[in-house]
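The following report describes the secondary-structure packing and selected local geometry of one protein model. Please consult the sequence and coordinates displayed below while reading.

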Amino acid sequence: MSYFFTDRTGGFSSGSFESLNFAGHVGDDLASVKANRSTLLNTQFMNQVHGDTVEVVSDYSDIDPTCDALVTTNPDVSLAVMVADCIPLLLISDSAVAAVHVGRAGLVNGITNKTLTVMRNLGARNIHAVLGPSICGKCYEVPIQLQAEVIAIHPDSYSITRQSTPALDLQAGLVAQFISQDVSFEASTVCTMENSLYFSHRRDNPTGRFVGVVKL
C-alpha cells in the first residue's frame, strides 16, 4: 500500500487557489481543478458534506459520491480526501484502505469508528491510522458553548489558544480514539493555519483544498 499528502504547490490554479487545488466547489476555475485532478490517476474523490456516510468503492468513477469516508479493497483504485484545516485521515491495512474527512462535525458524529467497522467487516486487521496536516489546537478557536459540546463527548479535544480563548484540538481527540481501540497511528505536526504551504480555510477564505491519497 502507499499514501501521501499534497501541499498547495505544483498545480494549474491561480489567485486564491494557487496552485494545486483539488476542489471544484470553492470558486476555482473548473478546468484548472480538472487539470489538477488529472495528475492523480484512478483516484476516487468524494463530495464531502461533514456527514457520517461511509461509501465502499469497488471501481473508480468520475462521479464523486456524497460521503465523508471512502473504503476500498481494490488495489487499482486510489482514494482521496480533501481538506483545508480538517484532518485528512488515511486508514491502512493489508486488505482494505480508507480516506476519511474528519473535522469537528466528523469527530462528533463518529465517522472514524464507522469507517473502522466497515473496514473490519471487509476483513481488515491491524489497521494503522495516518493523520495528515491540519489546524492545531492553539489555532482552532471556537465559541465556548461549542467547545463544551465537543469536549463533553471527546474530552481530550479540549484546548485553549495562545490568547487563552476557547479552542479545540481535533487531532488529540482523534488520537485518543485510536489509543482506546488499540489502533496504531502516526500524526503530522504541521498546522495548516501556520504553514502557508497548505491551504487553510481559517487563514484564507476563499481558498483551495489539498488532499490525502491512499492506495492498497
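Helix α3 lies across β3, β4 (69-72), β6 (87-92) and β7 (97-102), and runs at about 170° to β7. Contact here means heavy atoms within 4.5 Å; axes are lines fitted to C-alpha atoms, for helices over the stretch in contact, and angles run from 0 to 180 degrees between N-to-C directions. Helices (H or I, at least four residues) and strands (E, at least two) are DSSP runs, numbered from the N terminus. Helix α5 also packs on the sheet, where it touches β6, β7, β8 and β11, and its direction makes about 20° with that of β6.

The model is predicted: local features need pLDDT of at least 70, side-chain atom pairs count only at pLDDT 80 or more, and totals for chains, interfaces and linings use all residues. Residues are numbered from 1 along each chain as its sequence is written, and side-chain values use heavy atoms, with hydrogens and water left out.

**The six-stranded sheet**

The sheet is open, with six strands in the order β3-β4-β7-β6-β8-β11 and mixed pairing; two strands pair if DSSP finds at least two bridges between them. At its edges are β3 (54-57) and β11 (184-187), each pairing on one side only. From one strand to the next the twist averages 15°. Strand β8 (residues 128-131) runs parallel to β11 and is joined to it by four bridges, and Leu131 has Ala187 of β11 as its bridge partner.

**Helix α5 and its packing against α3**

Two packed helices are described by the angle between their axes and the distance between the axes. Helix α3 (residues 111-121) and helix α5 (residues 170-180) pack at about 35°, with axes 11 Å apart. The contact involves Thr112, Asn113 and Leu116 of α3 together with Leu174, Gln177 and Phe178 of α5. Three of the residues in this contact of α3 with α5 are nonpolar, three are polar and none is charged; Ala, Val, Leu, Ile, Met, Phe, Trp, Tyr, Cys and Pro count as nonpolar, Asp, Glu, Lys and Arg as charged, and the others, Gly among them, as polar.

The buried residues of α5 are Leu170, Gly173, Leu174, Val175, Gln177 and Phe178. The term buried denotes under 20% relative accessible area, exposed over 50%, and partly exposed in between (1.4 Å probe, protein chains only). Asp169 caps the N-terminal end of α5, with a side-chain oxygen 3.3 Å from the backbone nitrogen of Gln171. Following α5 is Asp182, with a positive phi near 60°. Asp182 counts as exposed because its relative accessibility is 72%.

**The four-stranded sheet**

Four strands in the order β1-β12-β5-β2 form an open sheet with mixed pairing. The edge strands, β1 and β2 (43-44), each pair on one side only. Strand β12 (residues 210-215) is largely enclosed by the rest of the structure, because five of its six residues are buried. The pairings are set out below.

| Strand pair | Direction | Bridges |
|---|---|---|
| β1 and β12 | antiparallel | four |
| β5 (residues 78-83) and β12 | antiparallel | six |
| β2 and β5 | parallel | two |

**Loop residues**

Asn21 is in the loop between β1 (2-5) and α1 (30-37) and is buried, with a relative accessible area of 0%. Leaving aside neighbours within four places in sequence, Asn21 is in contact with Ser13, Val26, Asp28, Val33, Asn36, Phe199, Gly208 and Arg209. Its side chain makes a polar contact with that of Asp28 at 2.8 Å; such a contact is a pair of N or O atoms within 3.5 Å, where within protein one must be able to donate a hydrogen and the other to accept it, and residues adjacent in sequence count only if both atoms are side-chain atoms. Ser19 is also found in the loop between β1 and α1, and a cis peptide bond with omega of about -10° joins Glu18 and Ser19.

Ser188 lies in the loop between β11 and β12, and its side chain reaches the backbone nitrogen of Val190 at 3.0 Å. Pro206 likewise lies in the loop between β11 and β12; the peptide bond joining Asn205 and Pro206 is cis, with omega about 10°.
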